Amino acid sequence: MRKDVRILLVGEPKVGKTSLIMSLVSEEFPDEVPLRAEEITIPADVTPERVPTHIVDYSEAEQSEEQLYQEISKANVICIVYSVNNKKSIEKVTSHWIPLINDRTDKDSRVPLILVGNKSDLVEHSSMETILPIMNQYQDIETCVECSAKNLKNISELFYYAQKAVLHPTGPLYCPEEKELKASCIKALTRIFKVSDLDNDGILNDNELNFFQRTCFNTPLAPQALEDVKNVVRRNMSDGVKDNGLTLKGFLFLHTLFIQRGRHETTWTVLRRFGYDDDLELTQEYLFPIIKIPPDCTTELNHNAYLFLQSVFDKHDKDRDCALSPDEVKDLFKVFPYMPWGPDVNNTVCTNDQGWITYQGYLSQWTLTTYLDVQRSLEYLGYLGYSIIYEQESQAAAITVTRNKRIDLQKKQTQRSVFRCNVLGARGSGKSGFLQAFLGKNLQRQKRIREDHKSFYAISTTYVYGQEKYLLLHEVMPDFDFLSEADLACDVVCLVYDVNNPRSFEYCAKVYKQYFIDSKTPCVVIAGKSDLHEVRQHYSLSPHEFCRKHKLHPPQPFTCNTTDAPSKDLYTRLTTMAMYPHMAQADLKNSTFWLRASVGATVFAVLGFAMYRALLKQR
């Protein structure tokens with residue numbers, strides 16, 4: 001909502017502009033009226049909308065045309081005052097004032113106009129018959145008020161309507177000619193309906209209506225009031241109420257009714273509660289709340305955020321197969337202005353045999369977005385209505401900023417849940433295969449991936465000593481001379497070479513010596529395509545000798561050319577090294593480090609699967 005409202009009064013001389021302002025301020029008709037009233041400010045606490053209001057008078061006798069133009073450009077709403085007993089002043093509304101104001105304001109952001117018929121105490125008839133055709137002709141006219149500065153009739157109402165025209169304008173919401181809501185308003189209210197429809201059955205039941213009412217107006221509806229609302233809809237349309245709940249058509253009809261009855265503020269209260277500005281766009285403050293992320297800290301979703309995302313998944317997984325079909329994904333993102341996930345997502349997270357994103361894959365993608373681009377994650381949560389449904393100040397409440405990595409190293413423990421592994425290697429060494437194998441895809445399944453659907457990221461869960469963690473693999477392009485800080489910043493490094501290509505290992509050796517030899521980041525050499533014949537590498541040291549010389553673990557054999565899904569043991573080891581870099585170094589000579597990690601992983605993967613099945617049964 002606006003921070004303040006600026007009201008300008010214009011009109012022919014002697015129509016009573018100054019008298020109206022002075023009668024409002026002093027609550028009595030002035031004996032002496034100056035040519036022009038000084039600008040006055042009404043404080044927020046005495047206005048109905050709790051917004052400071054500035055009232056500005058215009059006098060042709062005291063001000064130049066240039067000053068008038070300046071005031072028009074600064075005004076939020078303009079009251080064109082005429083005298084109900086002076087036909088010439090009424091004619092001037094259309095022949096002079098409206099054209100002048102329109103010439104001085106941008107066509108796309110016209111200020112709302114209010115026609116004010118003053119001196120109603122001097123006549124017995126109303127000027128409305130003359131004024132109504134003018135109101136129908138000009139869309140910018142919000143309303144018309146007849147008043148009397150002398151009798152104090154409708155004075156406070158006049159300024160209330162002026163304030164309301166700014167804070168709750170009709171223009172963006174409703175088309176008076178068509179007598180229906182505008183497309184942008186329907187779009188915003190449709191999103192609000194979908195967010196409020198917590199079970200996604202296309203109906204707002206009594207619980208959902210009450211939650212909506214409490215969210216927007218801080219008070220639930222009494223059972224009788226709920227029935228009255230539904231009865232109004234029933235009487236006016238056949239498909240507005242279904243199974244004793246409000247349909248989208250019924251919801252839109254109610255808002256049309258509010259606007260037609262002059263209760264724009266009801267619709268605007270709803271729109272603003274759900275993050276919309278005066279142009280019916282979601283505000284930057286709503287979509288991108290401020291969140292401070294110090295250097296060497298990462299961003300993760302917290303427990304409440306995961307619970308919320310689980311509920312969003314559940315409401316869109318219509319067939320209860322624990323995966324989202326393309327239609328279900330499309331339905332989930334209907335509250336977004338664009339489709340945020342492309343086909344690459346299906347090769348970034350786990351999918352089922354049909355290539356649909358699984359429940360685990362869905363949570364993984366959210367975890368990845370939050371880690372790589374927290375602003376985008378905040379935006380997405382905003383579209384889904386996280387802060388509204390969970391009654392939080394903003395989406396920032398969904399994010400945990402982890403502590404500085406240096407503190408983790410000092411304390412030799414971490415509270416983080418997401419660990420990044422950068423995968424480097426020469427072209428053709430098998431990096432992409434290594435990423436896809438983590439998602440359970442063997443070589444046969446990988447061959448079906450289209451080139452334009454490939455992803456440089458893969459994320460899934462692993463179990464380390466009983467704790468579920470996310471491992472994020474990032475394939476770094478093999479441009480040796482241009483490795484950026486982002487390419488190097490990670491928790492563990494994989495250096496992949498092709499055992500069947502004699503020139504493959506040299507890249508790994510050079511990258512390690514230039515970038516990681518003095519780093520505290522654990523490094524693992526991966527002997528990729530280990531199902532193929534191993535050839536001698538064209539490098540001064542063999543991979544085994546190189547690892548021994550630089551105190552690295554021996555090269556780890558890896559292949560994704562398997563009948564079943566590739567083994568996850570290696571990924572669990574990588575996560576363990578990322579979590580406990582000090583142990584990885586200390587236990588280098590002791591093979592039990594790998595053994596403990598593997599056994600722990602196997603046990604907890606079994607336990608994890610059993611718990612997951614139990615969870616699915618509950619769901």
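Asp373 and Arg376 form a salt bridge in this predicted model, and their closest N and O atoms are 3.7 Å apart. A search of the whole structure finds 21 salt bridges. Several of the residues described below, Asp491 among them, belong to a network of such bridges. A packed pair of helices, α5 and α10, is described at the end.

**The Asp373 and Arg376 pair**

- The bridge between Asp373 and Arg376 has an N to O separation of 3.7 Å; this counts as a salt bridge because the cut-off is 4 Å.
- Asp373 has a relative accessible area of 32%, so Asp373 is partly exposed.
- Arg376 is also partly exposed, with a relative accessibility of 42%.

**Asp491 and its partners**

- Asp491 is buried, and its relative accessible area is 4%.
- The side chain of Asp491 forms a salt bridge with the side chain of Lys405, at 3.2 Å from N to O.
- This pair links distant parts of the chain, since Asp491 and Lys405 are 86 residues apart. Asp491 sits in the loop between α20 (485-488) and β18 (492-498), while Lys405 is in helix α17 (residues 405-411).
- Lys405 is partly exposed, at 28% relative accessibility, whereas Asp491 is buried.
- The side chain of Asp491 also meets that of Arg416 in a salt bridge, with 2.9 Å between N and O.
- Arg416 lies in the loop between α17 and β15 (418-425), and Asp491 in the loop between α20 and β18, so this bridge ties together parts of the chain that are 75 residues apart in sequence.
- Arg416 has a relative accessibility of 5% and therefore counts as buried.

**The network**

**Helices α5 and α10**

- Helix α5 covers residues 155-167 and helix α10 covers residues 264-273.
- The two helices pack at an angle of about 35 degrees, and their axes are 10 Å apart.
- The crossing of α5 and α10 is left-handed.
- From α5, the residues in the contact are Tyr160, Lys164 and Leu167. From α10, they are His264, Glu265, Trp268 and Arg272.
- Sorted by class, the contact of α5 with α10 has three nonpolar, three charged and one polar residue.

Methods
Residues numbered from 1 in each chain as written. Predicted model: local features only at pLDDT ≥ 70, side-chain atom pairs only at ≥ 80, totals over all residues. Heavy atoms only, no water. Axes fitted to C-alpha atoms, helices over the stretch in contact; angles between N-to-C directions. Helix = DSSP H or I, 4+ residues; strand = E, 2+ residues; numbered from the N terminus. Left-handed = near helix turned anticlockwise from the far one by under 90°. Contact = heavy atoms within 4.5 Å. Nonpolar A, V, L, I, M, F, W, Y, C, P; charged D, E, K, R; others polar. Buried < 20%, exposed > 50% of the residue type's maximum accessible area, 1.4 Å probe, protein only.
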